[in-house]
There are 2 protein chains.
Amino acid sequence: MQEFLNQYKDELLRKVIPFWMAHSRDDEYGGYLTSLDRDGTVFDTDKWMWLQGREIWTFATLYTKVERRPEWLAMALHGADFIRRFGTDGNGDFYFGLTRDGKPLVQPYNIFSDCFCCMGLVALDAAQPGSGYGAEAKKIFQRILDRRDNPKGKYNKLYPGTRPLKSFSLPMILCNLALEMEPVLGSEYVNRLVRDLAAEIMRDYYKEEFGCVLENVAPDGSFVDSFEGRTLSPGHGIEAMWFLMDIGERLGDTGLIRRAADITLQTLEKGWDREFGGIFYFLDVKGKYPLQLEWDQKLWWVHLESLVACCKGFLHTGDGRLEEWFRQIHGYTWDHFADPEYPEWYGYLSRHGNTLFPFKGGKWKGCFHLPRALLQIWRTLEKM
Amino acid sequence: MQEFLNQYKDELLRKVIPFWMAHSRDDEYGGYLTSLDRDGTVFDTDKWMWLQGREIWTFATLYTKVERRPEWLAMALHGADFIRRFGTDGNGDFYFGLTRDGKPLVQPYNIFSDCFCCMGLVALDAAQPGSGYGAEAKKIFQRILDRRDNPKGKYNKLYPGTRPLKSFSLPMILCNLALEMEPVLGSEYVNRLVRDLAAEIMRDYYKEEFGCVLENVAPDGSFVDSFEGRTLSPGHGIEAMWFLMDIGERLGDTGLIRRAADITLQTLEKGWDREFGGIFYFLDVKGKYPLQLEWDQKLWWVHLESLVACCKGFLHTGDGRLEEWFRQIHGYTWDHFADPEYPEWYGYLSRHGNTLFPFKGGKWKGCFHLPRALLQIWRTLEKM
């Protein structure tokens with residue numbers, strides 16, 4: 001596997017990061033421009049808070065984990081300054097979107113803005129201890145936990161009581177965020193939190209009979225036979241599995257790592273498109289029809305997160321099936337998502353593998369999954 | 001063009017309507033089951049109020065406009081009874097979704113539930129004068145007008161004031177609904193209302209520089225250069241054009257009909273996929289990227305509404321380009337959406353024209369666009 005090491009490392013340091021450094025910084029109004037065309041040209045200037053937070057995280061993490069390059073720290077601080085000035089409403093909740101100059105555009109209906117701004121700020125605190133960003137992140141984290149039972153607040157359209165559902169997204173992202181928060185929350189607290197989250201995911205969201213993790217279940221974890229309850233997002237489930245492997249490694253829980261590796265394998269078996277290659281975006285776990293019209297598209301992050309999970313799973317378990325899957329997904333991913341002409345990758349392909357949009361960043365794609373996965377895989381391969 | 005008449009009429013009466021009569025009626029809990037697989041098998045039982053309203057409208061309209069078959073009236077009454085018992089909350093707003101047995105599932109965040117339930121009930125009033133459904137429809141219509149400035153109410157995620165937008169959907173649907181409401185609102189009121197709506201659409205939503213109608217504009221009708229402001233939905237725009245032709249016919253406004261026919265032609269030029277055939281679902285009017293991942297898919301209703309617009313436009317103007325477009329879209333539509341094995345049509349194709357889902361009804365497809373278009377085209381061809 002080590003033959004891949006330099007490919008991932010070079011892609012990150014020579015192509016992907018320079019692309020965002022060159023095109024994303026908004027020197028006029030602060031923060032980042034993330035709607036970037038194939039060659040980096042800005043095609044829209046709205047600012048989405050969760051993508052701002054993710055880009056802060058990426059540059060702060062490169063600074064602490066890769067190399068103390070002042071321009072990376074400056075890039076992270078540049079984003080943090082913008083979200084500190086304009087990001088939140090009177091309750092401290094993060095808007096979903098702002099105009100280029102920081103005017104609120106879309107209300108804080110989506111708690112993932114808060115999650116990723118929190119993650120960005122705590123990573124920045126590690127890069128600049130004593131900057132106060134850690135205390136800010138801690139406050140945001142507490143507010144996320146407070147909103148946990150009804151993260152959408154008044155924007156929740158479900159009628160209370162008839163068919164209550166809990167969504168996989170929040171415990172999943174908390175698994176990852178909690179580990180990032182260790183410097184401000186302390187290891188004992190974090191250990192307890194991630195142990196509980198891992199237990200909840202395996203108990204409530206993982207379903208033996210389907211061999212995968214579901215996107216929505218009843219509050220007691222039982223299966224709900226509705227469109228939402230039948231939804232499987234293979235990429236989402238597999239991404240969570242490498243979060244659980246990280247947690248297993250931290251807690252010394254090899255059983256958890258083994259289970260996460262097995263679920264990765266089962267989900268890939270279910271999610272791989274045997275006709276055209278690549279991993280489906282959404283499936284109905286009972287073989288019916290997902291609600292999402294884009295169900296059969298191939299998305300960059302789904303493939304990258306799967307590569308991370310296979311790589312980590314292989315490191316920890318030595319299971320040759322994970323290496324095989326890594327090689328298979330690696331082939332598809334580099335063939336289809338990497339742009340041979342300009343740096344950074346395409347995000348969206350049709351089922352057949354044709355590029356659906358040539359842009360490199362948009363409302364739902366920023367500076368995050370690709371650099372994080374390249375870094376994670378590079379560092380995992382180093383350990384082999 | 002008259003060679004097509006029997007094809008449309010027979011498809012409606014011998015295949016499509018019998019399909020819904022056979023599979024959609026829920027004798028156990030009332031109302032309609034609309035998530036129907038390729039052969040009519042029910043694959044989900046949730047009930048969406050806007051689809052219930054649309055199916056009531058279809059059967060009531062067949063009864064008044066085609067033939068007084070008692071089973072059609074009974075089918076419409078069956079749906080009306082269900083929405084009367086379970087459809088609304090304490091304010092008289094229609095829930096978006098209910099469980100099979102009528103428990104509220106999704107809050108009234110979407111005013112189109114109200115629009116289509118109103119339309120169903122007023123059509124039923126014409127089928128059964130004195131039934132009281134007309135008075136109910138009138139109340140719902142008033143409530144729709146009251147909510148017009150903020151149809152999403154508290155579920156509106158846009159921050160007030162920063163970049164206000166008004167959406168084309170509501171004036172568009174009101175154009176159609178107002179004509180249906182004539183028996184209860186009176187012709188003078190309806191004439192005034194539709195004249196104002198037509199003027200607003202042509203003044204505010206139609207943009208000369210793009211040659212089409214936009215989905216979202218500023219309250220004063222100016223163009224907004226954002227993802228939402230750049231959105232073009234060719235099918236939506238063209239559907240509205242045949243509503244405007246109906247209004248033009250009613251008001252004796254041949255200028256309005258001519259403009260609507262021209263916009264139909266311009267929108268087809270923009271929306272037709274020259275590479276693979278069919279009409280795109282969404283486009284960015286400045287040639288950038290629509291937000292919708294499903295932008296390049298081919299949807300049944302887009303093609304059917306375009307057939308209606310071309311057919312009506314040709315009847316009124318005699319413009320041969322509309323006949324050519326009709327023939328071209330007719331060919332694509334019958335080749336790709338009609339199912340050679342079972343009655344009713346597929347709803348969703350990939351850009352390349354492959355069936356994306358084989359089902360005949362789902363959360364967003366019911367008993368409406370296909371039967372309405374078949375009826376409209378049949379009746380328009382009769383006049384030629």
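## Reading the interfaces of a two-chain model

Modeller: Let's start with the domains: in chain A, domain 1 covers 1-155 and domain 2 covers 165-336, with bounds that come from an automatic or database domain assignment. This is a predicted model, in which local features need pLDDT of at least 70 and side-chain atom pairs count only at pLDDT 80 or more, while totals for chains, interfaces and linings use all residues. Residues are numbered from 1 along each chain as its sequence is written, chains are lettered from A and ligands numbered from 1 in the order in which they are written, and side-chain values use heavy atoms, leaving out hydrogens and water.

Colleague: How many residues do domain 1 and domain 2 of chain A each bring to their contact?

Modeller: Contact means heavy atoms within 4.5 Å. The C-alpha centres of the two domains of chain A are 23 Å apart, and the contact takes 23 residues from domain 1 and 22 residues from domain 2.

Colleague: And what is the area buried between domain 1 and domain 2 of chain A?

Modeller: The size of an interface is often given as the accessible area lost when the parts come together. Here buried area is taken with a 1.4 Å probe and summed over both parts. Between domain 1 and domain 2 of chain A it is about 2,100 Å², with carbon and sulfur atoms giving 77%. A:Met1, A:Tyr8 and A:Phe141 supply 30% of what domain 1 buries against domain 2, more than any other three residues.

Colleague: Which helices of chain A supply the domain 1 side?

Modeller: Helices are DSSP runs (H or I, at least four residues), as are strands (E, at least two), and both are numbered from the N terminus. On the side of domain 1 of chain A that touches domain 2, α1 (5-23), α4 (112-127) and α5 (133-146) each supply at least two residues. The most come from α4(A), with seven residues. By class, this side of domain 1 of chain A has 16 nonpolar, two polar and five charged residues; Ala, Val, Leu, Ile, Met, Phe, Trp, Tyr, Cys and Pro count as nonpolar, Asp, Glu, Lys and Arg as charged, and the others, Gly among them, as polar.

Colleague: How many salt bridges join domain 1 and domain 2 of chain A?

Modeller: A salt bridge needs a side-chain nitrogen of Lys or Arg within 4 Å of a carboxyl oxygen of Asp or Glu. The count between these domains of chain A is two. A:Glu3 forms a salt bridge with A:Arg327, their closest N and O atoms being 2.9 Å apart.

Colleague: Now for the two chains: what is the area buried between chain B and chain A?

Modeller: That area is about 4,200 Å², and carbon and sulfur atoms give 62% of it. B:Lys157, B:Tyr289 and B:Leu293 supply 19% of the area that chain B buries against chain A, more than any other three residues. The contact takes 47 residues from each of chain B and chain A.

Colleague: How many salt bridges cross the interface of chain B and chain A?

Modeller: The rule finds six. B:Asp46 forms a salt bridge with A:Arg163, where the closest N and O atoms are 2.6 Å apart. Strands β2 (42-44) and β5 (104-106) of chain B each supply at least two residues of the side that touches chain A, and β5(B) gives the most, with three residues. That side of chain B has 23 nonpolar, 10 polar and 14 charged residues.
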